[in-house]
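Please examine the sequence and the model shown below.

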Amino acid sequence: MPTETIFSKIIRKEIPASIVYQDELVTAFRDIHPQAPTHVLIVPNKLIPTVSDVTAEDEAAIGRMFTAARKIAEQEGIAASGYRLIVNCKQHGGQEVYHLHMHLLGGKQLGRMLPQ
Ligand code: 5GP
C-alpha cells in the first residue's frame with residue numbers, strides 16, 4: 001500500500017483546507033502557497049502516488065480531474081482569460097507531495113512554462 005500524504009487527510013476533512021470542489025472521485029482545494037491569484041490543487045480521492053501509478057481503473061477519476069478543472073475555472077472567473085494545468089511527476093518533475101494532483105493556475109498572465 002502506498003503511504004498516505006497530508007492530501008488524504010484534507011480529502012477526509014480531518015485537517016483544514018479551503019476546499020472549492022468535491023465529488024465522489026476528486027477533491028479540489030486552494031494551494032497553501034499560491035503561485036498565482038488562483039492556485040487550486042485537484043486530486044483524486046483515491047491515493048494514486050504519481051502519474052506512473054495510474055492504471056486503466058483510474059481513467060474515470062483522471063477524466064473527472066479535467067471536468068472539475070473546467071468547473072472551478074468558471075467558478076473562479078478565469079475561464080475566459082485562460083489558465084494553466086500542471087501535473088508534476090517524481091523528482092525531475094518537481095513533485096513534492098506523492099498523491100497525484102493537478103495544479104490549476106490563473107488570474108494573471110503567466111510566464112513561460114519552462115526557464116530558457
Ligand atoms: P508538487 O510540487 O508536489 O507538484 O506540489 C505540491 C503542492 O502542494 C505545493 O504547491 C504546496 O504548496 C502544496 N501543499 C503542500 N502541503 C499542503 C497543505 O498541507 N495544504 C495545501 N492546501 N497545500 C499544500
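Leaving aside residues up to four places away in sequence, Asp 58 touches Lys 46, Ile 48 and Asp 53, where contact means heavy atoms within 4.5 Å. The side chain of Asp 58 also forms a polar contact of 2.6 Å with the side chain of Lys 46. A polar contact is a pair of N or O atoms within 3.5 Å; within protein, one must be able to donate a hydrogen and the other to accept it, and residues adjacent in sequence count only if both atoms are side-chain atoms. Asp 58 lies in the loop between S3 and H2 and is buried, its relative accessible area being 3%. Buried means under 20% relative accessible area, exposed over 50%, and partly exposed in between (1.4 Å probe, protein chains only).

This is a predicted model, in which local features need pLDDT of at least 70 and side-chain atom pairs count only at pLDDT 80 or more, while totals for chains, interfaces and linings use all residues. Residues are numbered from 1 along each chain as its sequence is written, and side-chain values use heavy atoms, with hydrogens and water left out.

Five strands make up an open, antiparallel sheet in the order S1-S2-S3-S5-S4. Helices (H or I, at least four residues) and strands (E, at least two) are DSSP runs, numbered from the N terminus; two strands pair if DSSP finds at least two bridges between them. Strands S1 (19–22) and S4 (83–86) are at the edges with a single partner strand each, so one side of each has no neighbour in the sheet. S4 is joined to the antiparallel strand S5 (residues 102–106) by four bridges, and Leu 85 stands opposite Leu 104 in S5.

The ligand is surrounded by 16 residues, and the closest are Asp 31, Asn 88, Glu 96, His 101 and His 103; a residue counts as near if one of its heavy atoms lies within 4 Å.

| Residue | Atom in the residue | Distance |
|---|---|---|
| Asp 31 | side-chain N or O | 2.5 Å |
| Glu 96 | backbone N or O | 2.6 Å |
| His 101 | polar side-chain atom | 2.8 Å |

Pro 2 is found in the segment before helix H1 (6–11) and is partly exposed, with a relative accessible area of 37%. Pro 2 touches Leu 47 and Pro 49, not counting residues up to four places away in sequence. The C-alpha atoms of Pro 2 and His 99 are 9.3 Å apart, although 97 residues separate them along the chain.
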